[in-house]
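Let's take a walk through this model together. Keep the viewer open, and we'll go from one spot to the overall fold and back to the details.

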Amino acid sequence: IVRAYGMEGKSEQMKAFAASWLDDPATPPAGQVPVGIPNGRWMVRNQGVGEALVLFDRLVRESPTHPLCAVAWYWKALEAHKRGNMAERNRCAGCLRLATGTEGGDPQERDLGGKAVLLLANLDVTQVDPHAVK
């Protein structure tokens, strides 16, 4: 529903719907992720990364290995890379790989897994372990 509102350009409805789930103390952490990740992705595209990172931080604290949190770990890894904090970048890229699992289910998860491996190789394709990803 969050994604649909965002795709239709109904940002106010999307924000209200997402807030109703994310701000409800009765919503379990695993229930916040399917609402929070599409909301955060919309934020990245339409409001910038800053506000989205706050949401992503919250989601990965609550459900660090949820497969959808791979998106949050990716943005956190990029932000750490930009700051020059390679230890944090590597930690986030490692967590991204844990969230996607060893097989990386859907194409987006495999894509994020590949990006994590590239970040771990300091963006140098020649340094990527050829056995790290399919």
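**A walk through the helices**

Pro28 is partly exposed, because its relative accessible area is 48%, and the label covers whatever lies between buried (under 20% relative accessible area) and exposed (over 50%), with a 1.4 Å probe and protein chains only. You'll find Pro28 in the loop between helix 2 (11-22) and helix 3. Its C-alpha sits 9.7 Å from that of Ser63, although 35 residues separate Pro28 and Ser63 in sequence.

Some ground rules before going on. This is a predicted model, where local features need pLDDT of at least 70 and side-chain atom pairs count only at pLDDT 80 or more, while totals for chains, interfaces and linings use all residues. Residues are numbered from 1 along each chain as its sequence is written, and side-chain values use heavy atoms, leaving out hydrogens and water.

Now zoom out. The protein chain has seven helices and zero strands, so helices and strands here are DSSP runs (H or I, at least four residues, for helices; E, at least two, for strands), numbered from the N terminus. Along its principal axes, the C-alpha trace spans about 45 × 30 × 25 Å. A compact globule of 134 residues would have a radius of gyration near 14 Å, and the 15 Å of this chain agrees with that; the radius is taken over C-alpha atoms, and the rule is 2.2 Å times the number of residues to the power 0.38. Of the 134 residues, 37% count as buried. Take the contacts (heavy atoms within 4.5 Å) between residues at least 6 apart in sequence: 45% of them join residues at least 24 apart.

Next, the helix pairs. Two packed helices are described by the angle between their axes and the distance between the axes. Axes are lines fitted to C-alpha atoms, for helices over the stretch in contact, and angles run from 0 to 180 degrees between N-to-C directions.

Helix 3 (residues 29-46) packs on helix 4 (residues 49-62) at an angle of about 165 degrees, with the axes 9 Å apart. On the helix 3 side, the contact includes Val33, Gly36, Ile37 and Gly40, and on the helix 4 side Ala52, Leu55, Phe56 and Leu59 are among the partners. By class, this contact has ten nonpolar, four polar and four charged residues; Ala, Val, Leu, Ile, Met, Phe, Trp, Tyr, Cys and Pro count as nonpolar, Asp, Glu, Lys and Arg as charged, and the others, Gly among them, as polar.

What is the angle between helix 5 (residues 69-83) and helix 6 (residues 86-100)? It's about 165 degrees, with axes 8 Å apart, and that makes helix 5 roughly antiparallel to helix 6. Residues meeting there include Trp73, Tyr74 and Ala77 from helix 5 and Cys92, Cys95 and Leu96 from helix 6. This contact has eleven nonpolar, two polar and five charged residues.

Finally, visit the two ends. Tyr5 is in helix 1 (residues 2-7) and counts as partly exposed at 28% relative accessibility. Leaving aside neighbours within four places in sequence, Tyr5 contacts Lys10, Gln13, Met14 and Phe17. In the segment after helix 7 (107-120) lies Asn122, whose phi is near 60 degrees, a positive value in a residue other than glycine. Leu123 is found in the segment after helix 7 too, with a positive phi of about 65 degrees although it is not a glycine.

Conventions:
Angles under 35 degrees count as roughly parallel, over 145 as roughly antiparallel, 65 to 115 as roughly perpendicular and the rest as oblique.
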